[in-house]
Amino acid sequence: MSLTKWSSVLSPAARGAVAASPDRRGRLRVLAICCLSLFMVGVDNTIVNAALPAIQRDLHATVTGLQWVVAAYTVVLASLLLLAGSIGDRLGRRRTFQTGLLLFTLGSLLCSLAPGLDWLVAARALQAVGGSMLNPVAMSIITNTFTEPRERARAIGVWGAVAGVSMALGPLLGGGLVDSVGWRAIFWANIPVGLAALVLCALFVPDSRAEHPCPPDPVGQLLIVVLLGSLAYGLIEAPAAGWASVQTLGCFAVAALALTCLVPYELRRAAPLLDPRLFTRAPFAGAVAIAICGFAALGGFLLLNTLYLQDVRGCSPLHAGVLTLPMAGVTMLVSPLAGRLVAARGARLPLVVSGSAMAAGMLMLTGLSAHTATWQLVSSYALFGLGFGMLNAPVTNTAVSGLPPAQAGVAAAVATTSRQTGQALGVAVIGSLATSAVHGPLSTGFASASHVGWWIATACGAAVLTLGILTTGRRTG
């Protein structure tokens with residue numbers, strides 16, 4: 001009888017043991033399937049940026065509308081990741097993973113058919129519901145399949161490499177598809193990949209679940225949704241409504257109230273959705289803060305750079321993607337190295353390299369103009385790619401190691417939530433501040449208006465460097 005058939009008749013605890021028992025070939029097969037889903041979600045996370053100017057022209061969207069095309073995905077994803085991780089631990093990781101693949105593929109189809117901006121934003125939100133069931137659950141599957149610590153670290157290194165490569169390749173692949181077919185093609189590409197992953201998952205991924213999963217926490221989940229949603233809405237709509245308007249200040253007040261209620265409520269629960277006590281451990285809290293800062297820089301970089309290259313310099317989507325190829329290429333080269341460094345020497349060295357390179361790359365763009373030399377752009381992109389390629393593996397390994405394997409879904413969800421929260425905040429904060437500073441059309445006013453955004457991205461890189469030094473090493477364990 002096959003592994004999948006055996007797992008269907010075993011108890012929940014036994015199914016967890018079966019999931020951890022495939023031979024080396026079976027473990028590598030599971031890793032490949034999980035990485036396929038990650039690649040699809042990672043590419044989609046950044047490929048949309050290359051299509052923003054085309055979407056703006058076709059659907060008559062404002063810059064704020066373009067921010068929502070990106071933020072609808074990242075905010076919904078960040079809001080639901082913890083819930084999805086706990087659902088996978090409780091109801092079965094393979095079943096949750098398959099549901100996520102189905103919803104993500106359906107959302108991609110609806111995005112490609114969207115007749116207007118509101119429809120596109122809604123379909124992106126549906127994509128995010130599916131995506132929330134993929135990354136944390138796939139990481140949970142990997143964590144429970146690779147039980148030996150060094151082998152697990154190498155597998156997580158591969159996972160981190162795929163995450164970095166997929167997100168770095170998004171602008172290049174998106175530029176080619178938009179130029180040759182149109183912006184709707186960036187969503188068509190997800191459909192065959194999603195269907196293939198569904199079939200492979202059914203054939204080769206064993207099911208597992210936690211022996212003692214966390215019970216449902218609907219109040220905690222609602223507070224997280226309110227916190228992230230109101231914060232993102234207030235930031236994105238602030239340029240139009242006014243930073244001191246009742247709407248903006250009200251959104252910030254609601255977010256603060258949700259956070260004030262969330263922490264004591266979760267502390268009182270025997271099995272909270274997000275245990276605030278975890279953040280008293282320096283490595284875990286540091287990994288979360290580093291991910292937020294690093295991915296805030298990424299979100300801001302992708303948005304500002306796309307608008308700069310296509311609207312200010314007049315590049316085609318493909319040309320803009322080619323210009324960012326150094327970022328993708330360097331990320332592809334160093335991401336596997338980051339995984340090996342984490343396995344051999346720990347998280348500090350790759351985090352120091354990551355923060356230094358990201359800060360240096362963004363600092364080179366703080367004086368950006370319409371006539372900035374191409375060599376300067378390419379050099380800054382390469383430095384940022386070096387920093388981003390070194391980021392994922394140490395963050396993921398540190399966060400997942402902070403919780404026991406039985407709650408691997410929640411551990412992975414915390415790490416992924418911090419990434420998506422950071423990216424959502426980067427798009428909202430950096431995009432809104434740059435938009436507020438624009439006077440006149442984007443083609444003439446955006447380059448100088450973007451300076452504040454590049455300075456914020458530089459500060460995020462410096463924060464990664466500082467936190468990497470302070471929260472890693474023997475004294476912080």
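Predicted model: local features only at pLDDT ≥ 70, side-chain atom pairs only at ≥ 80, totals over all residues.
**Stop 1**

Now go back to Leu 120 and show what surrounds it. Which residues does Leu 120 contact, leaving aside neighbours within four places in sequence? They are Ile 55, Leu 59, Val 69, Cys 111, Ala 114, Trp 183 and Phe 187.

**Stop 1: aromatic rings**

Keep Trp 183 and Phe 187 on screen and look at their rings. The whole structure holds 6 aromatic pairs. In the pair of Trp 183 and Phe 187, the ring centres are 6.4 Å apart and the planes stand at 90°, so the pair is edge-to-face. Trp 183 is buried, with 5% relative accessible area, and Phe 187 is buried too, at 0%.

Then select Phe 301 and Trp 454. Their ring centres lie 6.2 Å apart with the planes at 65°, so this pair is edge-to-face. Why does the pair tie together parts that are 153 residues apart in sequence? Because Phe 301 lies in helix H13, while Trp 454 lies in helix H21. Both Phe 301 and Trp 454 are buried.

**Stop 2: Cys 460 and other cysteines**

Stay on helix H21, residues 451-470, and select Cys 460. Is Cys 460 buried or exposed? With a relative accessibility of 12%, Cys 460 counts as buried. Setting aside residues up to four places away in sequence, Cys 460 touches Cys 293, Ala 296 and Ala 297. Also click on Ile 292: its C-alpha atom is 8.7 Å from that of Cys 460, although the two residues are 168 apart along the chain.

How many disulfides are there? The count is 0. Select Cys 35 to see one case: the closest cysteine sulfur, in Cys 34, is 7.0 Å from the sulfur of Cys 35, which is too far for a bond, because a disulfide needs the two sulfurs within 2.5 Å. Cys 35 is buried at 8% relative accessible area. For Cys 251, the nearest cysteine sulfur belongs to Cys 261 and is 16 Å away. Cys 251 is buried as well, at 12% relative accessibility.

**Stop 3: Thr 324**

Move to the loop between helix H14 (317-323) and helix H15 (325-345), where you will find Thr 324. Thr 324 is buried, with a relative accessible area of 6%. Show its side chain, which reaches the backbone oxygen of Gly 321 at 2.8 Å. Beyond residues up to four places away in sequence, Thr 324 touches Pro 171, Asn 305, Leu 309 and Tyr 381.

**Stop 4: confidence**

Finally, colour the chain by pLDDT. The average is 84, and 91% of the residues score at least 70. Which elements have the lowest and the highest mean pLDDT? Helix H1, residues 3-9, has the lowest at 36, and helix H16, residues 348-363, has the highest at 95. Over residues 1-20 the pLDDT is below 50, and this stretch has 28 contacts in the model beyond near neighbours in sequence.

Key:
Residues numbered from 1 in each chain as written. Heavy atoms only, no water. Helix = DSSP H or I, 4+ residues; strand = E, 2+ residues; numbered from the N terminus. Buried < 20%, exposed > 50% of the residue type's maximum accessible area, 1.4 Å probe, protein only. Contact = heavy atoms within 4.5 Å. Polar contact = N/O pair within 3.5 Å; in protein donor to acceptor, adjacent residues only side chain to side chain. pLDDT = per-residue confidence, 0-100. Phe/Tyr/Trp six-rings, centres within 6.5 Å; stacked < 30°, edge-to-face > 60°.
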